[in-house]
Amino acid sequence: MRLSSGLTGKLSSIYWPSGEQLVPKGWTMGSFEKPLRIGVPAKGAFNRFVRVTHDPYRNQTLINGFSIEVFEAVVKQLPYDLHYVFVPYYGSYDEMVAEVHNKSLDAAVGDTEIMADRYVYAEFSQPYIESGLVMVVTVKPGLKESKFIALNAFTKRMWIQLAAMSMSTGAIIWLSEYATRNEQFTKNSFFELICSVLWLSVTILSFSHRENINNTASKLVLATWICVVFVVGASFTAVLSTMMTVPRLQPSIVDIEYLRNTNAAVGCNGNSFICRYLINVLHFKPENVWKINSIHEYPKAFEDGGIKAAFFVAPHAKVFLAEYCKGYIISGPSFKLGGFGFVFPKGSPLAIDISEAILKVTQSGLVNTLEKNKLYFSNCTSSTREADDIKLGPEPFSGLFQILGGIIGVTSFIAVVRLVKMHWTSIHDLVQKALIMHRIGMWASLVLTECCTRFGLTFSRGKIFTMNASHGEMEQNSTHPNGSQT
């Protein structure tokens with residue numbers, strides 16, 4: 001290697017201060033003796049982001065949450081050691097940013113929105129989660145617009161199986177009554193028979209048939225069918241009612257202009273920027289802006305009629321809907337914001353390094369995983385799901401259908417036995433005629449065979465063979481269409 005002095009040679013080992021030969025990781029921010037004091041919001045309305053609790057047994061303050069875990073994951077990506085302690089801050093978010101500007105805090109971590117007016121006092125890292133201002137309102141039920149909504153209550157398999165069971169029930173009742181010589185079930189033609197069975201299958205659904213059921217087996221089938229129709233009908237009514245109300249929950253108020261013109265009260269997080277944003281940007285009257293300091297106070301404010309709408313940043317709105325998933329919905333336009341970021345003093349080199357580390361953590365997928373596990377988990381099902389998910393199939397009714405099928409099978413066997421007894425004379429005569437014809441056929445076959453043997457002829461596939469008695473050989477005679485022989 002050629003050196004700048006013109007000499008050639010190889011570089012020797014580098015000795016860093018204090019005699020270390022290893023390349024150091026970088027400069028160190030803070031120390032064990034004086035770690036960085038990082039403020040965290042202790043009065044946030046949404047403690048899934050930052051939760052500050054006190055353990056009386058250990059006399060220790062516990063700080064955790066989504067934003068805390070993201071920050072700890074980001075610090076691990078730094079090429080140097082960062083010593084810090086979390087300091088609970090009980091003021092507003094704007095006041096916490098001001099404390100960072102005044103050097104009372106070295107940084108701030110939490111669900112702090114990146115705002116242009118806050119950039120005057122502090123610097124922000126790359127946003128670790130996107131954000132925007134959204135409006136949440138209550139919902140009201142509305143009817144589903146469909147010409148065939150009733151058909152959607154059951155699946156196709158359920159409708160087909162229900163039709164098959166109805167046809168089978170009608171047919172076996174008709175057959176059983178006919179076998180007991182019920183005069184109302186006697187038809188002259190085949191067409192009248194089919195029409196009678198089909199009509200009975202339809203009328204027994206509503207028990208509007210006019211024919212009298214006299215046979216005990218038929219009554220058993222009908223009683224079982226009544227139970228099936230009652231259970232299936234009640235289930236059909238319940239599903240149809242749900243489909244006509246739940247899937248079409250509509251926002252009760254969707255227009256911000258309407259809220260302003262009617263002087264409707266709206267709610268917002270009292271410690272965040274949203275309240276002044278509603279007054280300064282969206283031009284709500286200050287007396288119509290209610291400051292709410294807890295996520296659990298919003299439902300009561302809605303129910304009491306105190307507020308008609310609530311404004312959240314998008315991540316907070318998702319948390320609210322995950323916890324109170326029934327009766328509320330996001331409505332209206334979304335106002336784009338800067339996102340959630342970490343706060344640092346002006347000129348701090350940490351802002352750039354933390355931003356780079358945030359990108360690494362985000363691209364690794366860790367932030368998405370933490371969002372799912374820490375923020376948007378829910379134990380209830382959203383009330384705005386599609387009605388197709390609640391269609392009923394034949395599975396819940398399979399037990400009833402099996403019982404009905406078994407009774408129909410037994411009744412069918414009894415009806416067949418009775419029909420055989422009723423027409424035994426005719427069947428006996430028919431069987432005798434068949435046996436006589438079979439015997440006549442066998443006798444004719446024997447006579448023909450005897451004649452052929454006596455005259456020395458054998459028939460095989462249209463060819464006539466004559467037996468030469470003297471030589472014991474068989475000669476073939478072929479008959480042409482014109483009658484000549486060869």
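A disulfide is taken here as a pair of cysteine sulfur atoms within 2.5 Å. In this predicted model, Cys268 and Cys275 are joined in a disulfide, with 2.1 Å from S to S, and the count by that rule comes to one disulfide.

- The link of Cys268 and Cys275 is right-handed, with 100° about the S-S bond, and both Cys268 and Cys275 are buried.
- Asn269 belongs to strand β9, which covers residues 266-269, and with a relative accessible area of 1% Asn269 is buried.

**Salt bridges**

- Ten salt bridges are found in a search of the whole structure, among them one between the side chains of Arg276 and Asp94, at 2.9 Å from N to O.
- Because Arg276 lies in helix α7 (residues 274-280) and Asp94 in helix α2 (residues 93-101), this pair ties together parts that are 182 residues apart in sequence.
- Arg276 is partly exposed at 27% relative accessibility, and Asp94 is likewise partly exposed, with a relative accessible area of 27%.
- Arg276 and Asp94 also belong to a network of salt bridges that links them with Asp117 and Arg118.
- Another salt bridge is formed by the side chains of Glu395 and Arg157, at 3.1 Å from N to O; Glu395 lies in the loop between α11 (366-375) and α12 (398-422) and Arg157 in helix α3 (residues 156-179), so the pair ties together parts that are 238 residues apart in sequence.
- Glu395 counts as partly exposed at 48% relative accessibility, whereas Arg157 counts as exposed at 54%.
- Asp304 and Lys300 meet through their side chains in a salt bridge of 2.9 Å, N to O, with Asp304 exposed at a relative accessible area of 54% and Lys300 exposed at 55%.

- An unreviewed UniProt entry carries the annotation "transmembrane region" for residues 158-178, 190-208, 220-240, 400-420 and 440-457.
- In the model, residues 158-178 are 100% helix and 0% strand, with their end C-alpha atoms 30 Å apart.
- Residues 220-240 are also 100% helix and 0% strand, and the end C-alpha atoms of this span lie 30 Å apart.

How values were computed
Residues numbered from 1 in each chain as written. Predicted model: local features only at pLDDT ≥ 70, side-chain atom pairs only at ≥ 80, totals over all residues. Heavy atoms only, no water. UniProt positions renumbered as here; feature names shortened; annotations may be inferred. Helix = DSSP H or I, 4+ residues; strand = E, 2+ residues; numbered from the N terminus. Buried < 20%, exposed > 50% of the residue type's maximum accessible area, 1.4 Å probe, protein only. Salt bridge = Lys/Arg side-chain N within 4 Å of Asp/Glu carboxyl O.
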